[in-house]
Amino acid sequence: MASMSAQGEAAIRPAVPADVSAMVRVHLAEFKGLFLAEMGPRFLGHYYEAFLAHPEGINYVADREGRVLGFVVGTLNEDAYRSAVRDRRIGMALASLARVITRPGLLPRVVGRFASVESDIRDPIEARYLRDGAAHLISLAVSSAMTGTGLGTRLVRAFEDGARARGKTTVYLTTAAESNESANRFYQKLGYALIGARSDPDGTRINQYARDLTSDAILE
Ligand SMILES: CC(C)(COP(=O)(O)OP(=O)(O)OC[C@H]1O[C@@H](n2cnc3c(N)ncnc32)[C@H](O)[C@@H]1OP(=O)(O)O)[C@@H](O)C(=O)NCCC(=O)NCCS
């Protein structure tokens, strides 16, 4: 559920399509140098539109007086999300092509990404959680100017509350295993248990986390 804010404090509210360009701006700044940011703003615009386009998307922004300072996006239904991505594949392919021409090194990951959206979930842990109906938290970022002020926690809690309100009992998420200690510590502090690890096709190690929403064990 969205939380109200005092004057000058960020409010957590559901994301709307008009937020996409601000979400892309935050993503480009906070995931600088990583694959999706390297794909550029046009690609990311399609990427975030897919979350907002399907009715089982679960998406919030931290908004302070009209400025988006962070966001969390994910889905309650993996198939519906993948279908929304596939609906955008022409736009995404054209945006990718424009990018790959100047950065040919991105090509293997672009191909891997498109292939993974078209195929079944390959990793057995991911398949089990998502086929069992876990909510999937897919992307989270907070503007670095606001790091450590609690916005990340409030966004994750809003996502969890939204998932719980729509009947979910588990949240599943992944984050890079290496050179990413802050995000790994952050999720562990919020009560996420490391349930496994896998490798992306390019060899990047990915940690897998889940949280049982029915457990009261984690108190803030
Ligand atoms: C990870 C991220 C979402 C955390 O958001 P945030 O608003 O700074 O987090 P909070 O203020 O709610 O912090 C909660 C706890 O997480 C931990 N934490 C957050 N950022 C941290 C950092 N940079 N280094 C170490 N620990 C950190 C702290 O333990 C903090 O608890 P504290 O109250 O004891 O300080 C944010 O730093 C971010 O957007 N990073 C870049 C993108 C990213 O890594 N996204 C997540 C991976 S997909």
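Predicted model: local features only at pLDDT ≥ 70, side-chain atom pairs only at ≥ 80, totals over all residues.
Residues are numbered from 1 along each chain as its sequence is written.

**Overall fold**
- The protein chain has nine helices and seven strands (DSSP runs numbered from the N terminus: H or I of at least four residues for helices, E of at least two for strands).
- Its radius of gyration is 17 Å, close to the 17 Å from the globule rule for 220 residues, so the chain is as compact as a globular protein of that length (taken over C-alpha atoms; the rule is 2.2 Å times the number of residues to the power 0.38).

**Helices H1 and H3**
- The axes of H1 (residues 20-30) and H3 (residues 40-53) come within 9 Å and cross at roughly 120° (lines fitted to C-alpha atoms over the stretch in contact, with angles from 0 to 180 degrees between N-to-C directions).
- On the H1 side, Val20, Met23, Val24, His27 and Leu28 meet Pro41, Leu44, Gly45, Tyr48, Glu49 and Leu52 of H3 (C-beta atoms, placed from the backbone, within 7 Å).

**Ligand site**
- Around the ligand are 17 residues, the closest being Gly152, Thr153, Ser182, Ala183 and Phe186 (C-beta atom, placed from the backbone, within 6 Å).
- Strand E4 (135-142), helix H8 (151-165) and helix H9 (181-189) each supply at least two residues of this shell.
- H9 gives the most, with five residues.

Note on methods
Contact = placed C-beta atoms within 7 Å.
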